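Please look through the sequence and the structure shown here before reading on. The briefing that follows takes up the overall form of one chain, then the way two chains meet, and then a few individual residues.

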Number of protein chains: 2
Amino acid sequence: MSAIKVVTSILKANDEINSLNKKMLDEKKIYVLNVMSSPGSGKTTILEKIISKLQADIKIAVIEGDPYTSIDAQRIEAKGVPVVQINTGGACHLDANMIKNAMDNLNLNEIELLIVENVGNLVCPAEFDVGEDIKVTVMSTTEGTYKPLKCPLAFEKSGLVILNKIDLVKYTNFDMDEFYKSVKSLNEKAIIFETSCTQDLGLAELCSWLKNKVREKRND
Amino acid sequence: MSAIKVVTSILKANDEINSLNKKMLDEKKIYVLNVMSSPGSGKTTILEKIISKLQADIKIAVIEGDPYTSIDAQRIEAKGVPVVQINTGGACHLDANMIKNAMDNLNLNEIELLIVENVGNLVCPAEFDVGEDIKVTVMSTTEGTYKPLKCPLAFEKSGLVILNKIDLVKYTNFDMDEFYKSVKSLNEKAIIFETSCTQDLGLAELCSWLKNKVREKRND
């Protein structure tokens, strides 16, 4: 099988476009999140909550990745922020070139925080930098304790980890200590927030942290 | 981007090896499941339950796909059935060639049911046939109602869909009618079982169905 070679050549091309994206986004002082997770971890709902809490203070735009549909993009658009949909046609991740094309459809002078919601997949997206300041991995307590060890790359590369559906933890056998230990073993510096969107837990803290990051970049 | 071309050439090579695998497995009258899901849907726990309920009557073996670890394979081995681990080195799916190599490590004369547990990923694995009789998609109620529409290929190609963690549905906003409607719109013939491994719901029905399938193939 020549699969490894193929991946290498795709990744090299991606790195070049990633650098171009990053240069442009840094010039415009736009803070960029690349949000990754398994399907169903609650990414889009977290974004809805972040937008509601921050849009009065910060100009936000969203790039939505999805294999085929625009269901998530419609939800984000309903919050009243600019959104560009990327349908990957079945591909399992976003790459830098897709984000470059999506950026052409946004007014970068009117954005302070750009959120890229990657395709729901905890394996492949972590390999592709798209121009982000920080990768964010969302996982829900219902996905099980060992997810970080089983999909290590996403956690290794994510400066921010959001443990979502914390309200459901009491109905599961999720081991909180083991989870923290696993994440820290992969990525000592990862910042971890625990959230529940149905119970509005941890979201104020998350948004406060995010607001500081956006301000730091603008004042850079 | 040349991504589409790359996928096409990989898929063609895969189809050829898939046919070879299928021929050998049909000759041996081994019924083969290719089990796909998001990470954390409960695939491995379902397999543990299936093995416990069927191993007195049916000779079972398992091929475990995982990006890096052997956590799941160890759980399956503890049930006392032959298991082969495939570590994909970060790749997001199993392909026919990996299964061919794994089959070399199994005594096919001593197997009636071969279960392939794919890498936890609801996007890419559906594109790769590995020699299976049936694809199985597992999703949990905590992943949200719209998963079938957002990851349609897995559901389109799966003869069997298992809706797991049915005991948690009462704590979520999961819409059961919408779920059934979505799955049926993608795949009219899909058989759907609802299961809970913690509450032992639906597993007897699932195992009874599976036992019939194994017997049908042996009597073919």
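For a chain of 220 residues, a compact globule would have a radius of gyration near 17 Å, and because chain A has 17 Å, its value agrees with that expectation. The model is a predicted one, and its two copies, chain A and chain B, can be laid on each other with an RMSD of 0.0 Å by a turn of 180°.

**Overall form of chain A**

- The secondary structure of chain A comprises eight helices and seven strands.
- Of the 220 residues in chain A, 49% count as buried.

**How the two copies are related**

- In general, two copies of a chain are related by a rotation about an axis and a shift along it.
- Here chain A can be laid on chain B by a turn of 180° together with a shift of 0.0 Å along the axis, and the RMSD is then 0.0 Å.
- The two copies are therefore related as by a two-fold rotation axis.

**Where the chains meet**

- The contact takes 36 residues from chain A and 36 residues from chain B.
- On the side of chain A that touches chain B, helix 1 (3-27), helix 5 (147-150) and helix 6 (152-157) of chain A each supply at least two residues.
- Sorted by class, that side of chain A has 21 nonpolar, 10 polar and five charged residues.
- Because 100% of the interface residues of chain A are also interface residues in chain B, the copies meet through the same surface.

**Two residues with a positive phi**

- Most residues other than glycine have a negative phi.
- D200(A), although it is not a glycine, has a positive phi of about 55°, and its place is in the loop between strand 7 (191-194) and helix 8 (203-218) of chain A.
- D200(A) counts as exposed because it has 12 C-beta neighbours inside 10 Å, and the cut-off for an exposed residue is 12 or fewer.
- K165(B) is likewise not a glycine and has a positive phi of about 60°, and it lies in the loop between strand 6 (158-164) and helix 7 (176-186) of chain B.
- K165(B) has 30 other C-beta atoms within 10 Å, so it is buried, the cut-off for a buried residue being 20 or more.

Methods
Residues numbered from 1 in each chain as written. Chains lettered and ligands numbered in written order. Predicted model: local features only at pLDDT ≥ 70, side-chain atom pairs only at ≥ 80, totals over all residues. Helix = DSSP H or I, 4+ residues; strand = E, 2+ residues; numbered from the N terminus. Rg over C-alpha atoms; globule rule 2.2 N^0.38 Å. Least-squares fit on C-alpha atoms with pLDDT ≥ 70 in both. Contact = placed C-beta atoms within 7 Å. Nonpolar A, V, L, I, M, F, W, Y, C, P; charged D, E, K, R; others polar.
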